[in-house]
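Q: I would like to learn how to read a model chain by chain. Can we go through one together?

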Amino acid sequence: MDRYLLIVSTVCFLAAVVHTAIELRAGVFRPMRFNFFAVGLGFIFQTAFLSLRGHELGRCPLTNLFEVFIFLAWSVAAIYMLVGPGYRLSLMGAFTAPLVVILQVFALIAPIDIRHPAKLPANPWLEFHASISLVAYGVFALACIAGVMYLVQERQLKTHQLHSIFYHLPPLTDLFAAITRLLWWGFVLYTLGIVSGFFTGHPLPRVQVVAAIGVWLLYAVIIQGRHLRWLAPKRVAALCIIGFSVALTLLWGITFTTEIHPLP
Amino acid sequence: MNLFCIGLSHHTVDVATREQFGGSATAESIVRDAGCTEALLLTTCNRVEVYVVALKRISTDEIARCLMRKIDTDPHDYAPPFYRYEAEKCVLHLFRVASALDSMVLGESEILGQAKKAYESARKSGAVGPCLHRLFQRAFRVAKQVRTHTEIARGAVSVGSVAVDLAQRIFGKLSVCKVLVLGAGETSERTARALVSRGVSDLRVSNRSLDRACELAQTVGGRAVPFDDWAAQCREIDILITSTASETPLLTLDILAPMLRERLDRPLFIIDIAVPRDVDPRVNEMEGVYLYDIDSIRSVAEQSLALRRQQVAAAEAIIAEHVTDFVDSISRGLNRDSQTGQHPSLSENSLRPSEL
């Protein structure tokens, strides 16, 4: 039953992707209302899925790679709903939806929904650590999306080739301000996630700690580079994309390690 | 009763012909002189049109005579190719005009304002009755819908508006932007004015002749800067508009590179409208610098127009839907009135279905 909710949610996000593609092809790009509605509906079904799964498990649904990917997709959609309109970046829906679709389709197709034979006991610190870290990943994903938007807009301005999408993307300075804010929010949440990991009452695998600190350091360097103006906005945008790609790969690694050496 | 429009536009005649018509005529004078029940005169730099509702048929020549500046000239002698659209075609034409599909610059926004002004003026003089009232109100609705639901007005098509559009895409709010106008030419003045109209408040003008710089600064509400200081100003400004008569580039990589190091996170938008160019084209390769010369501005304008042209079919579809609906609603009104035997004021001035 819960997987059907996820399929419906994926269809909603896919509708936003298809709608955007059709409008882009026709040279008419007005995805604001439709995308926000489609992403909103998809988010409701995601929430219903996570709620059902959480109820079934009796804890935060982060017990395998499948749930981690869905939780991450949910975080991305939630942060988009929260900050997208606030930063006048509603168009982010056009960029957010494909990422969520990729995450959810992968989670649905890959054989990664492996249930633990025994019911895992609740551990509030561990659940807080895992969920806050994934919300931070969601924020980094949005920073990555804003980075893509920045590079698309920048490229059009540099080459003087302005497409229909140009007039719907936010101004460069607004996008860069959004990237900076998202980086800071993500960094603070990720730091909280790492610190809370040390309160779980169990020794953490070394590879996880190293990977987590690696991601933390990478984002610390980007933020510092931005703050001290070593890095031009274009490079910050590009690093947001690289940073999130690295973080996502390491997240896979961390979750994979946890499944081999599960925490109690 | 007849609804029709006659007119001249940039499609049919040149400006020398258009300027012979519409001078002192008003909607009121047309009603009086041509013996029609309602009239509305729409005159812009690109067209002279009269929309008429009359109980009897009025010839094009009669209306043309009302429009002529020199009343002693016979329109037959002059014989400009006035177009005439009757009933449904008239409705279609007005909707296309109001939606700027018939304009010289496709999708421009001025025509709607001009049509509203013409309507208001005719209404005040009493030349507009229920039929033209309904027709024009619907035309305004159609124009709004076309602008909202298509990209017909998207993008900019003149140097000034392209500059403003691009500046807004880079900086968002222009009220916080600092602008330097280098060279006090006519195009830079127009561009500066366009930026000021969008909220730019910090505008500096530099010119080889300080007097001319002061004059332009005063006109556009900025301040003059000595020509020797213009390079130093580039450290502070966000937008540079340059149009000097210099034979060699004024702004080169060597001059700009040290300044950019100090303003790494602030973009610099340069509009170089000088020929020969004032800015070395390689400057565009520098990080955070967006250089547009006259050719690239023209290219952006052409891209905007191409984008607008793509939208014509969608706009025409909206218009066609409204024309059908408008004609149907008029016909329904007539049928209802004939069934009830009542003749409300609107039906008296409405169109016969046969005429549509």
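Q: How many helices and strands are there in chain B?
A: Helices (H or I, at least four residues) and strands (E, at least two) are DSSP runs, numbered from the N terminus. Chain B has 15 helices and ten strands. Residues are numbered from 1 along each chain as its sequence is written, and chains are lettered from A and ligands numbered from 1 in the order in which they are written. This is a predicted model: local features need pLDDT of at least 70, side-chain atom pairs count only at pLDDT 80 or more, and totals for chains, interfaces and linings use all residues.

Q: Which elements make up chain A?
A: From the N terminus on, chain A reads α-α-α-α-α-α-α-α. That is eight helices and zero strands.

Q: Into which domains is chain B divided?
A: Domain bounds come from an automatic or database domain assignment. Here domain 1 covers 2-151 + 311-348, and domain 2 covers 159-305. Taken over C-alpha atoms, the centres of the two domains of chain B are separated by 43 Å.

Q: What is the strand order in the open sheet of chain B?
A: Two strands pair if DSSP finds at least two bridges between them. The open sheet has six strands in the order 7-6-5-8-9-10, with parallel pairing. Strand 7 (223-225) and strand 10 (289-293) of chain B stand at the edges; each has a single partner strand, so one side of each lacks a neighbour in the sheet. From one strand to the next, the twist averages 20°. For such angles, axes are lines fitted to C-alpha atoms, for helices over the stretch in contact, and angles run from 0 to 180 degrees between N-to-C directions.

Q: Is strand 9 of chain B mostly covered or exposed, and which way do its residues point?
A: A residue is buried if 20 or more other C-beta atoms lie within 10 Å of its own, exposed if 12 or fewer, and partly exposed in between; C-beta atoms are placed from the backbone. Strand 9 (residues 268-272) of chain B is mostly covered, with five of its five residues buried. B:Leu268, B:Ile270 and B:Asp272 point one way, while B:Phe269 and B:Ile271 point the other way.

Q: What percentage of each chain counts as buried?
A: In chain B, 44% of the 356 residues count as buried. In chain A, 43% of the 264 residues do.

Q: Which residues have the most contacts inside the largest nonpolar core?
A: A nonpolar core is a set of buried Ala, Val, Leu, Ile, Met, Phe, Trp, Tyr and Cys residues joined through C-beta atoms within 7 Å. The largest has 124 residues, and A:Ile179, B:Ala167 and B:Val179 have the most contacts inside it. Helix 5 of chain A gives the most to this core, with 18 residues. Apart from it lies another core, of 56 residues, including B:Ala27 and B:Val48.

Q: Which residues is B:Val179 in contact with?
A: Two residues are in contact if their C-beta atoms, placed from the backbone, lie within 7 Å. Leaving aside neighbours within four places in sequence, the contacts of B:Val179 include B:Ala192, B:Leu195, B:Ile237, B:Ile239 and B:Ile241.

Q: How many residues does each chain bring to the contact between chain A and chain B?
A: Chain A brings 17 residues and chain B brings 23. On the side of chain A that touches chain B, helix 5 (124-159), helix 6 (172-197) and helix 8 (233-260) each supply at least two residues. Helix 6 of chain A gives the most to that side, with three residues.

Q: Why does A:Leu182 count as buried?
A: A:Leu182 counts as buried because 25 C-beta neighbours lie inside 10 Å. A:Leu182 is in helix 6 of chain A. Not counting residues up to four places away in sequence, A:Leu182 touches A:Val139, A:Leu142, A:Ala143 and A:Ala146.
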